[in-house]
Amino acid sequence: MRFSEKTCIVTGGGSGIGRATCLRMASEGGRVVVADLNADAAKATAAEITTAGGQAISVAVDVGNAAQVQAAIAAAVAAYGAIHVIVNDAAMMTYTPIVDIAEADFFRVITTNLGSVFFFAKYGAPHMPPGSAFVNISSVHAHETTKNVVPYAASKGAIEAFTRGFSMEMEERGIRVNCVAPGAVDTPMLWNNPNVRSGIEKVEGAIGKPEDLAAAICFIASDEARFINGTTLVVDGGRLNIL
Ligand SMILES: NC(=O)c1ccc[n+]([C@@H]2O[C@H](COP(=O)([O-])OP(=O)(O)OC[C@H]3O[C@@H](n4cnc5c(N)ncnc54)[C@H](O)[C@@H]3O)[C@@H](O)[C@H]2O)c1
């Protein structure tokens, strides 16, 4: 029971990788805070956990909104006290070339994907005791990408750089900060991507399950990974170059 007596906030917990991570953490004793823009989806994940005898609450939050992130953290602290794990999983993509994309849309991706990591770092860390861990979800797009998803790829690359630097700042507090970079994973985000549908982004033969990512995320978040800090674990079935 790697997460017993631990409070774990998982953003994007209403679907896909985030949902699988919530279920796995709860099954290992975690008190899970399911945070998602989609309030109904967050509630459904939390209900699945509590029905199975686990501990969970849901919070509706736009992770790109600092005030809402602060409110979500306050709700977690009010429910369970200290926070031990924050998984920054929620993210979005756009599919428009850079010369055509509206400025607002570019910055919406950056704020949702990268700003959220900053907000949860800034406002979450003060509530986290030594031994706690951040797990930021980047992507193979931080390393190899395709056209028309530049804001997403840029945000994911920046998350990995943020993680390296922030891990140094957290070292003296005994808090670890790492990334997990998924490859293609069988979730709505994958199948909603027009580049995947058109074949510009090739995924065949290397599609993981959300549970495969949850296993890696839970390992990195747990004390078993106490000597792993400031790094990125690529979890892509060995096919980074398939893009
Ligand atoms: N699925 C893949 O192939 C793949 C590949 C590489 C990286 N990833 C990364 O994995 C993570 C999870 O992706 P997934 O495939 O499970 O996606 P998903 O679409 O199944 O779930 C994403 C969840 O995030 C929530 N969300 C979106 N915007 C939000 C916001 N502003 N505030 C709060 N919640 C918000 C959605 O409501 C949804 O529940 C993302 O960071 C994604 O970039 C996924």
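## Two ideas to start with

A nonpolar core is a set of buried Ala, Val, Leu, Ile, Met, Phe, Trp, Tyr and Cys residues joined through C-beta atoms within 7 Å. A residue counts as buried if 20 or more other C-beta atoms lie within 10 Å of its own, as exposed if 12 or fewer do, and as partly exposed in between, with C-beta atoms placed from the backbone.

Please keep in mind that this is a predicted model: local features need pLDDT of at least 70, side-chain atom pairs count only at pLDDT 80 or more, and totals for chains, interfaces and linings use all residues. Residue numbers start from 1 along each chain, as its sequence is written.

## The overall picture

The protein has eight helices and seven strands; these are DSSP runs numbered from the N terminus, with at least four residues (H or I) for a helix and at least two (E) for a strand. The C-alpha trace spans about 45 × 35 × 35 Å along its principal axes. How does the radius of gyration fit a compact globule of 243 residues? Such a globule would have a value near 18 Å, and the protein has 17 Å, which agrees. (The radius is taken over C-alpha atoms, and the globule rule is 2.2 Å times the number of residues to the power 0.38.)

Of the 243 residues, 48% are buried. Two residues are in contact if their C-beta atoms, placed from the backbone, lie within 7 Å. Among contacts with a separation of 6 or more, 72% join residues 24 or more positions apart.

## The core and helix H8

The largest nonpolar core holds 71 residues, and Val 32, Val 180 and Ile 217 touch the most other members. Helix H8 (residues 210–221) gives the most to this core, with seven residues. As a general background, nonpolar side chains tend to be buried together in soluble globular proteins.

H8 has 12 residues and reaches 16 Å from its first C-alpha to its last, close to the 16 Å expected at 1.5 Å a residue; the expected span is 1.5 Å times one less than the number of residues. Its buried residues include Leu 213, Ala 216, Ile 217 and Ile 220. The buried residues of H8 pack against H1, strand E4 (85–88), strand E5 (133–137), strand E6 (176–182) and strand E7 (232–235).

Leaving aside neighbours within four places in sequence, Ile 217 is in contact with Thr 21, Val 87, Val 135 and Val 180. Ile 220 counts as buried because it has 25 C-beta neighbours inside 10 Å. With residues up to four places away not counted, Ile 220 touches Val 135, Asn 178, Val 180, Ala 225, Ile 228 and Leu 233. Ile 220 and Val 180 are 40 residues apart in sequence, yet their C-alpha atoms are 8.2 Å apart in space.

## Around the ligand

Which residues are closest to the ligand? They are Gly 12, Gly 16, Ala 91, Thr 187 and Met 189, out of 29 residues that surround it.

By class, the shell has 15 nonpolar, 11 polar and three charged residues. Here Ala, Val, Leu, Ile, Met, Phe, Trp, Tyr, Cys and Pro count as nonpolar, Asp, Glu, Lys and Arg as charged, and the others, Gly among them, as polar.

## Helix H5

The 22 residues of helix H5 (residues 150–171) should span 32 Å at 1.5 Å a residue, and its end C-alpha atoms are 32 Å apart, which agrees. Its buried residues include Tyr 152, Ile 159, Phe 162 and Phe 166. They pack against helix H4 (103–124), E5, E6 and E7.

## A few residues outside the helices

Most residues other than glycine have a negative phi. Glu 5, found in the segment before strand E1 (7–11), has a positive phi of about 65°. Asn 148, in the loop between E5 and H5, also has a positive phi, near 75°.

Are these two residues buried or exposed? Glu 5 counts as exposed, with 12 C-beta neighbours inside 10 Å, whereas Asn 148 is buried, with 22 other C-beta atoms within 10 Å. Ile 101, in the loop between E4 and H4, is partly exposed because 18 other C-beta atoms lie within 10 Å.

Methods:
Near = placed C-beta within 6 Å.
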